Amino acid sequence: MTAGSNCISKEEARRFLVKYHGLDGGQGLSGKDGIMRFMNRVGCIQYDPLNVAGRNADLVLQSRIVGYRPRLLEELLYTARSLVDGYDKMMCIYRTEDFGRMAWVRKAAAGGAAAVMRRRGQTEALELLDVIREDIRRNGPAQAKDFSIGCNLEGRWGPKKLSSAALDYLYCTGELSVAGKTGAQKIFDFTENLLPGIRTEEFQGEDGEAAFFRWYVKRRIGSVGMLWNKNGGAWLGHFVSDRERRGACIRQLLDRGELREFRVEGIEEPFYMRTEDADVLNRPFQEGRTVFMAPLDNLLWDREMLRMLFDFTYSWEVYLPADKRKFGYYVLPVLYGSRFAGRFEPEQYRQGDSVLRIKNWWWEEGCGGDMDMRESLADAWKRFGAYLGAERTEGTVQVIK
């Protein structure tokens with residue numbers, strides 16, 4: 001996007017997003033420093049407890065960070081405390097320095113948790129808050145399994161026990177934070193113990209909510225790199241899901257010079273990027289790198305935008321019945337350069353296994369015959385196997401032969 005121009009091609013938009021997310025390898029992101037550089041740019045990554053070939057947050061980072069291993073994220077979360085678990089778009093991981101700014105989100109999340117309790121007939125859980133607090137003061141960090149108060153409920157979603165609902169509520173308010181995890185199970189402690197001296201509230205005063213909202217809308221655009229003001233997966237969560245309110249805020253940010261509006265050829269809806277990110281458009285693009293993407297990767301949050309820009313249709317089918325799936329249970333997109341070349345379904349990988357097995361592979365139309373692509377794919381398999389700790393991959397002969 002040059003001076004005096006506010007329209008870019010779809011290829012320019014694709015390359016901008018790939019460069020912005022460090023997926024072309026051009027930023028040289030590595031180690032914990034590389035993770036924090038990436039997090040400083042996007043603000044948050046989505047957390048999901050399902051683990052087939054790594055959890056979503058690990059899959060996001062392995063596609064960008066050279067030599068990534070899951071212990072690096074664990075250390076930033078639970079040793080250095082540079083990152084924190086919390087609600088954002090959904091369950092997310094974000095920078096600890098944003099904890100105070102996210103007080104409005106925690107307030108809304110706590111209200112949502114209370115509403116769920118009412119619907120589920122669990123309001124008695126609120127009477128257990130002092131019991132939970134006193135137990136953690138006496139005995140230290142605790143998991144949901146350490147409490148067994150209240151009847152079990154049938155149903156797939158939400159805490160089954162009153163004590164678990166109470167723990168979740170205290171987590172939503174920010175009084176408790178995640179001290180660590182055993183597998184996917186959270187270990188809770190008081191935030192004041194884990195993050196001593198942290199500011200728990202910002203954006204206070206008469207203009208507090210409006211100031212928070214401007215920061216939050218701009219931050220959400222930065223989580224993807226560029227966004228339009230159409231409802232979709234990128235605008236999920238408290239506050240930002242209201243298109244009219246969002247649009248008014250975007251206009252304010254444009255007037256303040258904090259956002260840029262531009263067009264992409266062939267797409268009627270305007271797009272927005274943070275002003276400070278516009279220089280990414282002119283950075284060199286590293287050709288020919290293949291990466292395997294997380295199913296809830298920031299780049300994939302808005303599935304319609306993904307389809308319009310990349311001509312790639314993707315749906316995470318993990319919660320669909322098997323007979324309703326077009327592809328598979330846990331399918332990872334494959335990005336080659338600035339285009340999606342295919343997708344694959346790994347078998348369940350367990351730490352310590354020497355082999356990563358691939359159940360299915362699907363090429364996108366017109367892909368798979370290029371030798372450079374296949375060599376790049378072979379390199380991607382090596383990196384992915386190293387990230388998991390697998391010595392070799394099986395089931396990919398037909399892909400890279």
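Helix α2 passes helix α4 in a right-handed crossing, a crossing being right-handed if the near helix is turned clockwise from the far one by less than a right angle, and left-handed if anticlockwise. The model is predicted, so that local features need pLDDT of at least 70 and side-chain atom pairs count only at pLDDT 80 or more, while totals for chains, interfaces and linings use all residues. Residues are numbered from 1 along each chain as its sequence is written, and side-chain values use heavy atoms, with hydrogens and water left out.

The two helices of this crossing are α2, residues 31–42, and α4, residues 70–78, and their axes come within 10 Å and cross at roughly 70°. Helices here are DSSP runs (H or I, at least four residues), as strands are (E, at least two), numbered from the N terminus; axes are lines fitted to C-alpha atoms, for helices over the stretch in contact, with angles running from 0 to 180 degrees between N-to-C directions. α2 and α4 are therefore roughly perpendicular to each other, a term for angles of 65 to 115 degrees. Gly 31, Lys 32, Ile 35 and Met 36 in α2 meet Leu 72, Leu 73, Glu 75 and Leu 76 in α4, where contact means heavy atoms within 4.5 Å. By class, this contact has five nonpolar, one polar and two charged residues; Ala, Val, Leu, Ile, Met, Phe, Trp, Tyr, Cys and Pro count as nonpolar, Asp, Glu, Lys and Arg as charged, and the others, Gly among them, as polar.

Helix α4 also takes part in the second largest pocket, giving the most to its lining with five residues. On a 1 Å grid over the protein atoms alone, a pocket is an open set of points with protein on both sides within 12 Å along at least five of seven lines, a cavity is a set where a 1.4 Å probe fits but cannot get out, and lining residues have an atom within 4 Å of a point. This pocket has a volume of about 490 Å³, volume being the space filled by probe spheres set on the points, which are joined across faces, edges and corners. Of its 24 lining residues, Asn 51, Arg 55, Asp 58, Pro 70 and Glu 74 lie nearest the centre, and the lining as a whole has twelve nonpolar, six polar and six charged residues.

At least two lining residues come from each of β3 (83–87), α5 (103–120), α7 (162–173) and β5 (176–182), and by class the lining divides into eight nonpolar, three polar and two charged.

Leu 129, Ile 132, Arg 133 and Ile 136 of α6 make the contact with Ser 163, Ala 166, Leu 167, Tyr 169 and Leu 170 of α7, a set with seven nonpolar, one polar and one charged residues.

Terms used
Parallel < 35°, antiparallel > 145°, perpendicular 65-115°, else oblique.
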